[in-house]
Amino acid sequence: MIDLDETDRKIIQATQAGLPLTPQPYQTLAEQLGLTTDDVMLRMSAMQNSGIIRRIGAVPNHYRLGYRFNGMTVWNVPDETIDELGQKVGQLEFVSHCYHRPRHLPEWPYNLFAMVHGKSQEEVDKQIRQIYDLLGDNNLGSDVLYSTKILKKTGFRTTTRMQESGCRASENPTTINP
Amino acid sequence: MDEIDKQIINALQDGFPICDAPYRQVASHLGLTEQNLIIRLKALLDNGTLTRFGPLYNAEQMGGALTLAAVKAPIERFDEITEIINSFPEVAHNYARNHELNMWFVLATQTPEQIQQTINEIEQQTGLTVYNMPKNKEYFVSLKLEA
């Protein structure tokens with residue numbers, strides 16, 4: 001955990017909803033917060049370097065880009081091999097997230113999670129087969145869970161904002177798969 | 001969404017500069033004017049093609065906590081359970097999935113302790129067991145999708 005001061009937290013709060021769409025967005029932020037533009041830029045660079053900001057950029061809606069098949073693939077692999085296998089699976093270009101998570105035996109034996117995204121079922125099936133081949137004998141069982149509906153999506157709000165106003169819920173649950 | 005929009009989406013997933021006139025810098029790489037880039041970006045946000053544009057913060061680095069959790073919601077109570085779970089501000093995402101564990105949600109809290117408290121409250125209000133699956137290790141996270 002990295003120490004943030006009040007000014008950092010003000011910047012975080014002011015940019016949670018996004019960066020201003022003005023020609024000089026950091027200057028706009030500085031004016032809003034009563035800071036200098038240099039201070040805003042230096043602090044945001046520091047937060048990016050320390051990993052508080054993963055990146056500054058755009059987050060697309062998968063479905064709107066045609067990625068309608070989003071599978072959470074889950075695998076049961078021996079604990080002693082999981083770090084090595086997790087690294088390999090995470091490196092596949094179609095895997096967006098890859099984690100080691102705890103099993104809940106007996107009903108949930110899976111400990112390796114990899115999210116895959118495709119524009120067709122065939123594409124996703126091919127991706128899954130690739131993971132299957134990669135894991136080989138270390139695959140003791142697997143499943144794929146497709147999302148059938150987004151029930152809520154607010155994005156991650158940081159703690160300061162959450163405390164103040166709660167999260168913004170999506171207006172309506174959206175059906176996402178045919 | 002046309003070819004230019006796709007180029008904008010792909011370029012902006014890679015990152016955005018911290019400098020005086022960052023839109024101008026990105027626009028020049030894409031062969032656009034600064035104003036055109038800003039107008040298109042605003043349209044992509046307004047019509048929901050982009051869910052967000054700006055810094056993506058890492059909650060855990062700020063002392064917060066995240067977890068993935070799931071419940072088995074009985075079909076006849078699905079809407080009621082959805083409503084209860086969505087009412088928690090700690091619930092950032094909630095997805096229906098095709099499995100016996102049919103509702104999967106992400107909790108984001110200010111402190112690690114609040115994860116367990118929130119899970120306890122959800123269990124109390126729904127009467128269901130919450131399967132907590134915090135990450136033991138992260139191997140890879142990247143949100144980049146080719147437009």
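Predicted model: local features only at pLDDT ≥ 70, side-chain atom pairs only at ≥ 80, totals over all residues.
**View 1. Overall build of chain B.** Chain B contains five helices and six strands, and from the N terminus on these elements follow one another in the order α-α-α-β-β-α-β-β-α-β-β. The radius of gyration of chain B is 20 Å, well over the 15 Å that the globule rule gives for 147 residues, so chain B is more spread out than a compact globule. Taken along the principal axes, the box filled by the C-alpha atoms of chain B is roughly 55 × 35 × 25 Å. Among the contacts in chain B between residues at least 6 apart in sequence, 56% join residues that are at least 24 apart.

**View 2. The side of chain B that touches chain A.** The contact between the two chains draws 61 residues from chain B and 67 residues from chain A. The elements of chain B that give two or more residues to this side include helix H1 (3-13), helix H2 (22-30), helix H3 (34-46) and helix H4 (78-86), and also strand S1 (50-57), strand S3 (91-97), strand S5 (131-133) and strand S6 (137-141). S1(B) gives the most to the side of chain B that touches chain A, namely eight residues. By class, the residues on that side of chain B divide into 32 nonpolar, 19 polar and ten charged.

**View 3. Packing of H1(B) against H3(B).** The axes of H1(B) and H3(B) lie 11 Å apart, and the two helices pack at an angle of about 85°; H1(B) and H3(B) are therefore roughly perpendicular to each other. On the side of H1(B), the residues Ile4(B), Asp5(B), Ile8(B) and Ile9(B) meet Leu37(B), Arg40(B), Leu41(B) and Leu44(B) of H3(B). The contact of H1(B) with H3(B) comprises, by class, six nonpolar and two charged residues, with no polar residue.

**View 4. Strand S4 of chain B and its partners.** Strand S4 of chain B, residues 103-109, is mostly covered, since six of its seven residues are buried. Strand S2 of chain B, residues 65-71, runs antiparallel to S4(B) and is joined to S4(B) by seven bridges, and here Ala69(B) has Phe105(B) in S4(B) as its bridge partner. S3(B) likewise pairs with S4(B) in the antiparallel sense, over five bridges, and the bridge partner of Ala96(B) in S4(B) is Met103(B).

View 5. Ile82(A) has its place in helix H4 of chain A, residues 82-91. With 20 other C-beta atoms within 10 Å, Ile82(A) is buried, because a residue counts as buried if 20 or more such atoms lie within that distance. When residues up to four places away in sequence are not counted, Ile82(A) touches Val77(A), His100(A), Asn111(A) and Leu112(A). Of these, Leu112(A) is 30 residues from Ile82(A) in sequence, while the C-alpha atoms of Ile82(A) and Leu112(A) are 7.3 Å apart in space.

Note on methods:
Residues numbered from 1 in each chain as written. Chains lettered and ligands numbered in written order. Helix = DSSP H or I, 4+ residues; strand = E, 2+ residues; numbered from the N terminus. Rg over C-alpha atoms; globule rule 2.2 N^0.38 Å. Contact = placed C-beta atoms within 7 Å. Nonpolar A, V, L, I, M, F, W, Y, C, P; charged D, E, K, R; others polar. Axes fitted to C-alpha atoms, helices over the stretch in contact; angles between N-to-C directions. Parallel < 35°, antiparallel > 145°, perpendicular 65-115°, else oblique. Buried ≥ 20, exposed ≤ 12 C-beta atoms within 10 Å, placed from the backbone. Pairing = 2+ DSSP bridges.
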